[in-house]
Amino acid sequence: MCEGANNRGGNSCHSESPCGIGDGHEKASKIMKEHHLQSNLDFRLMSMEFGLRDWLRPPVKILQEAGVCSGMTVLDFGCGPGGFSLAAARMVGPQGRVYAVDMHPLAVKSVRAAAMRKALNNIETIPGNGLVDIPAGSVDIVLLYDVLHDLSDPIPIQMEWHRVLKPKGILSVSDHHLKGESLLQMITGGGLFRLADHGRRLFQFEKAKTPEAAT
Ligand SMILES: C[S@@+](CC[C@H](N)C(=O)[O-])C[C@H]1O[C@@H](n2cnc3c(N)ncnc32)[C@H](O)[C@@H]1O
């Protein structure tokens, strides 16, 4: 059932630079090397592949299964080219908000460009992986689609997902690179989240503990 809303609006980009993709090739390539990011060519190839994936399996269907509704605040962590961010922005509508977060400079750039083209002014792009500007307890659903396998140390970032989620917020995870058991272990092992529901494609987690209790 759909409930929950966050009335902040505005298509914006977070303060720190590479919102700033345009800020300079040198800076972008330094970030890419430091974080072992895909090359721009690899990212573009992935975007084409995801275009086909999203045509065959529309993100809106997955987001409905995840529980995304009008007025919600959604965080798409590792948004990539933005198939889920853009679909979520349409679903949450003008009263809702989508944070699209990605370490790859081309990801935030393409999501921002697509949001402008489609006049979706409820998407905020956040370059990098820091969520410090997102208020605690403000997010209804964190999307973690096809990203978990990429995270070398998921605990610190899990604490951030836990912080930004509302008390009844959901962490929605899908990762075809991981077996179900490893995925469950990676998310529940830290003690911050517990499994709430498991569908054909999605694992839905809810908050289990305060971060202090988990350490
Ligand atoms: C395979 S893509 C998935 C994109 C999107 N979630 C989807 O399914 O369409 C993974 C994305 O996660 C991003 N990523 C990986 N690790 C990250 C991290 N620690 N913080 C932010 N983004 C990350 C990558 O740059 C890449 O764009």
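Why is strand β4 (residues 123–127) largely enclosed by the rest of the structure? Five of the five residues of β4 are buried, so the rest of the structure largely encloses the strand. Here, "buried" means that 20 or more other C-beta atoms lie within 10 Å of a residue's own; 12 or fewer makes it exposed, anything in between partly exposed, and the C-beta atoms are placed from the backbone.

Before going on, a word about what you're looking at. This is a predicted model, where local features need pLDDT of at least 70, side-chain atom pairs count only at pLDDT 80 or more, and totals for chains, interfaces and linings use all residues. Residues are numbered from 1 along each chain as its sequence is written. As for pLDDT, that's the predictor's confidence in each residue, from 0 to 100. Its mean for the protein is 85, and 80% of the residues reach 70 or more.

**The overall picture**

The protein has eight helices and eight strands. These are DSSP runs numbered from the N terminus: helices are H or I with at least four residues, strands E with at least two. Of the protein's 215 residues, 41% count as buried. Take the contacts (C-beta atoms, placed from the backbone, within 7 Å): among those between residues at least 6 apart in sequence, 71% join residues at least 24 apart.

**Strands side by side**

Back to β4, which is covered on both faces: Ile123, Thr125 and Pro127 are buried on one side, Glu124 and Ile126 on the other. In a regular strand, side chains alternate between the two faces of the sheet. Two strands count as paired if DSSP finds at least two bridges between them. Here are two such pairs:

| Strands | Direction | Bridges | Residues opposite each other |
|---|---|---|---|
| β3 and β4 | parallel | five bridges | Ala100 and Thr125 |
| β7 and β8 | antiparallel | five bridges | Phe193 and Lys207 |

A hairpin of four residues links β7 to β8. Gly199 sits in the loop between β7 (193–198) and β8 (203–207). Gly199 counts as exposed because it has 12 C-beta neighbours inside 10 Å. In sequence, Gly199 and Ala66 are 133 residues apart, yet their C-alpha atoms are 9.3 Å apart in space.

Helix α4 (residues 83–92) is mostly covered, with nine of its 10 residues buried. Among them are Phe84, Leu86, Ala88 and Met91.

The largest nonpolar core has 52 residues, and Val68, Leu75, Ala88, Val142, Leu143 and Leu171 touch the most other members. α4 gives the largest share of this core, seven residues. Such a core is a set of buried Ala, Val, Leu, Ile, Met, Phe, Trp, Tyr and Cys residues joined through C-beta atoms within 7 Å. Leaving out neighbours within four places in sequence, the contacts of Leu143 include Ala66, Leu75 and Phe84.

**Around the ligand**

Which residues are closest to the ligand? They are Gly78, Gly80, His104, Asn129 and Asp146, out of 18 that surround it; a residue is near if its C-beta atom, placed from the backbone, lies within 6 Å. α4 and β3 (97–102) each supply at least two residues of this shell. The shell divides into 10 nonpolar, five polar and three charged residues. Ala, Val, Leu, Ile, Met, Phe, Trp, Tyr, Cys and Pro count as nonpolar, Asp, Glu, Lys and Arg as charged, and the others, Gly among them, as polar.

Terms used. Contact = placed C-beta atoms within 7 Å.
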